[in-house]
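These are my notebook entries on one protein chain. I record below what I looked up and how each term was defined.

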Amino acid sequence: YAYYIYFFSFFNLENQDLIKLILLSQVLLASISVVIFYKINKIFFSEKISLFGSLLFSFFPLYLFACAQISSISLHIFLAILFYYYFFQVAMKAKLNSILIFGFIAGLLILTRREFIMILVLSSFFLLLFFKIPKNFFFLILITAIITTSPYLIRNFLIFEKIIIQAGLGYNVWKANNPNS
């Protein structure tokens, strides 16, 4: 999430304008999430139920609250919904571009929450065993996720001298973000 906010710092805005821009971008991500959620619903349900489900999702109180503050929740939910969307795209017909996007999104989600490693492994095995995707696509998903996370893994290896996804709190965060440590 820090890289997400860092991206907006290139616009050279004042602090107040930067905050408004970040909040606006989160609202935009939330709006796109609702549309993607609708597309996922359309896979399983009728038009009416899909619209109703998307409407409920868009007005879910915690989601509205998350979009109204500077928080990584809206980015994480956006990436998670994209992950589920591409999971179903790969499950229905495994195409190379869907596989690569699925792996890339999985890598980004691993960077936001380290427990997502298990979700990626389980969902990839699920695709392999139940949807019979080719084994090379299975490995391509995992390799794409590893390549996506590799700059951060290399950085952590250089700083901590071990491969870790997230450094945790306290001393580890200070050490990873302090050039004088």
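Entry 1: Ser124. I located Ser124 in helix α7; helices (H or I, at least four residues) and strands (E, at least two) are DSSP runs, numbered from the N terminus. The model is predicted, so I note that local features need pLDDT of at least 70 and side-chain atom pairs count only at pLDDT 80 or more, while totals for chains, interfaces and linings use all residues. Residues are numbered from 1 along each chain as its sequence is written, and side-chain values use heavy atoms, with hydrogens and water left out.

Is Ser124 buried or exposed? I found that Ser124 counts as buried because its relative accessibility is 0%. Buried means under 20% relative accessible area, exposed over 50%, and partly exposed in between (1.4 Å probe, protein chains only). Not counting residues up to four places away in sequence, Ser124 touches Phe138, Ile141 and Leu142; contact means heavy atoms within 4.5 Å.

Entry 2: Phe10. I then turned to Phe10, in the loop between α1 and α2. Phe10 counts as exposed because its relative accessibility is 53%. Phe10 and Ser124 are 114 residues apart along the chain, and their C-alpha atoms are separated by 37 Å.

Entry 3: the nonpolar core. Which residues touch the most other members of the largest nonpolar core? Of its 41 residues, I listed Phe83, Phe102, Leu120, Leu127 and Ile133. Such a core is a set of buried Ala, Val, Leu, Ile, Met, Phe, Trp, Tyr and Cys residues joined through side-chain atoms within 4.5 Å. At least two residues of this core come from each of α1 (2-8), α2, α4 (61-67), α5 (73-92), α6 (96-112), α7 (116-130) and α8 (135-160). Helix α5 gives the most, with 12 residues. I also looked up Leu127: leaving aside its neighbours within four places in sequence, Leu127 is in contact with Phe87, Val90, Ala91, Phe102, Lys132, Ile133 and Ile141.

Entry 4: α2 and α3. The axes of α2 (residues 15-44) and α3 (residues 47-58) come within 9 Å and cross at roughly 145 degrees. Axes are lines fitted to C-alpha atoms, for helices over the stretch in contact, and angles run from 0 to 180 degrees between N-to-C directions. On the α2 side, the contact is made by Ser33, Val34, Phe37, Tyr38, Asn41 and Lys42; on the α3 side, by Glu47, Ser50, Leu51, Gly53, Ser54, Phe57 and Ser58.

Entry 5: the salt bridge. How many salt bridges does the structure hold? I found one, formed by Lys42 with Glu47, whose closest N and O atoms are 3.0 Å apart. A salt bridge is a side-chain nitrogen of Lys or Arg within 4 Å of a carboxyl oxygen of Asp or Glu. Lys42 counts as partly exposed because its relative accessibility is 37%. Glu47 is likewise partly exposed, at 39%.

Entry 6: Phe157. I placed Phe157 in helix α8. Its relative accessible area is 44%, so Phe157 is partly exposed. Leaving aside neighbours within four places in sequence, Phe157 is in contact with Lys162 and Ile163.

Entry 7: the whole chain. I noted nine helices and zero strands in the protein chain. Of its 181 residues, 38% count as buried. Its C-alpha atoms fill a box of roughly 55 × 40 × 25 Å, taken along the principal axes.
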